[in-house]
Amino acid sequence: MKIALAPMEGVCDVHLRQVLTAMGGFDYCVTEFIRVSSMLLPEKVFYRDCPELKVGAKTASGVPVHLQLLGSEPTLMAENAARAAELGAPVIDLNFGCPSKCVNKSAGGSYLLQFPEQLFSIVDAVRKAVPAAVPVTAKMRLGFADKSLAIENALALEAGGASWLTVHGRTKLEGYRPPAHWHWIGRINDAVSIPVVANGEIWTKADALACQAESGCERIMLGRGALACPDLASVIKSESAEVMPWSDVKHVFIRYCDLIENTGLPVQVAGRLKQWLAFLQKSYAEAGALLMEVKTLKCPNKISRRVLQS
Ligand SMILES: Cc1cc2nc3c(=O)[nH]c(=O)nc-3n(C[C@H](O)[C@H](O)[C@H](O)COP(=O)(O)O)c2cc1C
């Protein structure tokens, strides 16, 4: 079984990747998307969004970091993918799932799921530009407004040369509304001959097993479930179904506080801490109670002190 940590823009940055992959269970993680819109991006953009490129493209615990690009113009995507590979990205992942309005206005992300031939052109161009040893992969949703092109899109991505597909089991229109349609991921898995990674609504070990059974995919990707329950990947791979108690999770949270302490304005750092508490409250009532208490605090140190005392 392989378990990936999902790309999550604005949330799962280098620091959270470090903290979460240190919990064990993850085979790889994926950067937040790097937007390709009009030019070959300067190296500093790749290093900013994937600082791990400077240390062998692995997190501190040795988990490979795949680099994700989002864009719609094949030549530009190819140029930028080649640059990322030159800088050491071990895998180039292409984003065909982002539902964001501004991304879709510039014809990227899930918008492209309406045009299978364009998906093919992008993957094909990127595949041809990147050394054969570097896999090119794609992350898709089940469709834009409906699922009618789900299989066609997956086949186009495979024909373009994707080494594997990650499928988030919802359309753009379905947003993040449960359920994720794992049986639809299974239909795609049956239609293509490359591996499929199933993604969406895996919050517990039982969800992971149900998703694997329903989709037929051995490989899974965890997004918000890993934010809510930091040792979820490790629990899924272990004999036990017990996740860590809050008394341990709070120390994981403090590790994150220490890592991000000086990475921005105090109010921004405080915002990141509250954001993670908001995800943690899904699994830990303690995090919800703390979030209420620290809601108005703008000083990261005060937040971390309060969490430590809990
Ligand atoms: C805050 C947030 C940011 C996301 N950013 C990205 C991204 O940069 N690239 C991407 O492919 N998917 C992104 N996603 C989608 C996730 O990778 C994943 O497909 C989705 O959350 C469903 O999985 P989950 O139910 O396990 O969270 C994002 C999701 C969230 C919640």
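Predicted model: local features only at pLDDT ≥ 70, side-chain atom pairs only at ≥ 80, totals over all residues.
**View 1. The residues around the ligand.** The shell around the ligand holds 22 residues. Those that come nearest are Ala6, Pro7, Glu9, Gly223 and Arg224. By class, the shell is made up of 8 nonpolar, 9 polar and 5 charged residues.

**View 2. The packing of helix H6 against helix H7.** Helix H6 spans residues 150-160 and helix H7 spans residues 182-191. Their axes lie 10 Å apart and meet at an angle of about 45 degrees. That angle makes H6 oblique to H7, because angles under 35 degrees count as roughly parallel and those of 65 to 115 as roughly perpendicular. The crossing of H6 past H7 is right-handed. On the H6 side the contact involves Ala150, Ile151, Ala154 and Leu155; on the H7 side it involves Trp184, Arg187, Ile188 and Ala191. The residues of this contact comprise 7 nonpolar and 1 charged, with no polar residue.

**View 3. The buried residues of H6 and the end of the helix.** Ala150, Asn153, Ala154, Ala156, Leu157, Glu158 and Gly160 are the buried residues of H6. Gly161 follows H6 and has a positive phi, near 115 degrees.

**View 4. The packing of helix H3 against helix H5.** Helix H3, residues 74-86, packs on H5 at an angle of about 35 degrees, and the two axes are 8 Å apart. H3 and H5 cross in a right-handed sense. From H3, the contact draws on Pro74, Thr75, Met77, Ala78, Glu79, Ala81 and Ala82. From H5, Ser121, Ile122, Ala125, Val126, Lys128 and Ala129 take part. Sorted by class, the contact of H3 with H5 consists of 9 nonpolar, 2 polar and 2 charged residues.

**View 5. Asn80 in helix H3.** Asn80 belongs to helix H3. Asn80 counts as buried because 25 C-beta neighbours lie inside 10 Å, and 20 or more are enough for that class. Leaving out residues up to four places away in sequence, Asn80 touches Val36, Leu40, Leu41 and Leu69. Ser37 is 43 residues from Asn80 along the chain, and the C-alpha atoms of the two are separated by 10 Å.

View 6. Glu73 sits in the loop between strand E4 (65-70) and H3. Glu73 has 19 C-beta neighbours inside 10 Å and therefore counts as partly exposed. Between Glu73 and Arg141 there are 19 Å from C-alpha to C-alpha, with the two residues 68 apart in sequence.

View 7. Gly97 is buried, because 24 other C-beta atoms lie within 10 Å. Apart from neighbours within four places in sequence, the contacts of Gly97 are Gly109, Ser110, Lys139, Met140, Arg141 and His168. Of these, Ser110 is 13 residues from Gly97 in sequence, and the C-alpha atoms of Gly97 and Ser110 are 4.2 Å apart in space.

Note on methods
Residues numbered from 1 in each chain as written. Near = placed C-beta within 6 Å. Nonpolar A, V, L, I, M, F, W, Y, C, P; charged D, E, K, R; others polar. Axes fitted to C-alpha atoms, helices over the stretch in contact; angles between N-to-C directions. Helix = DSSP H or I, 4+ residues; strand = E, 2+ residues; numbered from the N terminus. Parallel < 35°, antiparallel > 145°, perpendicular 65-115°, else oblique. Left-handed = near helix turned anticlockwise from the far one by under 90°. Contact = placed C-beta atoms within 7 Å. Buried ≥ 20, exposed ≤ 12 C-beta atoms within 10 Å, placed from the backbone.
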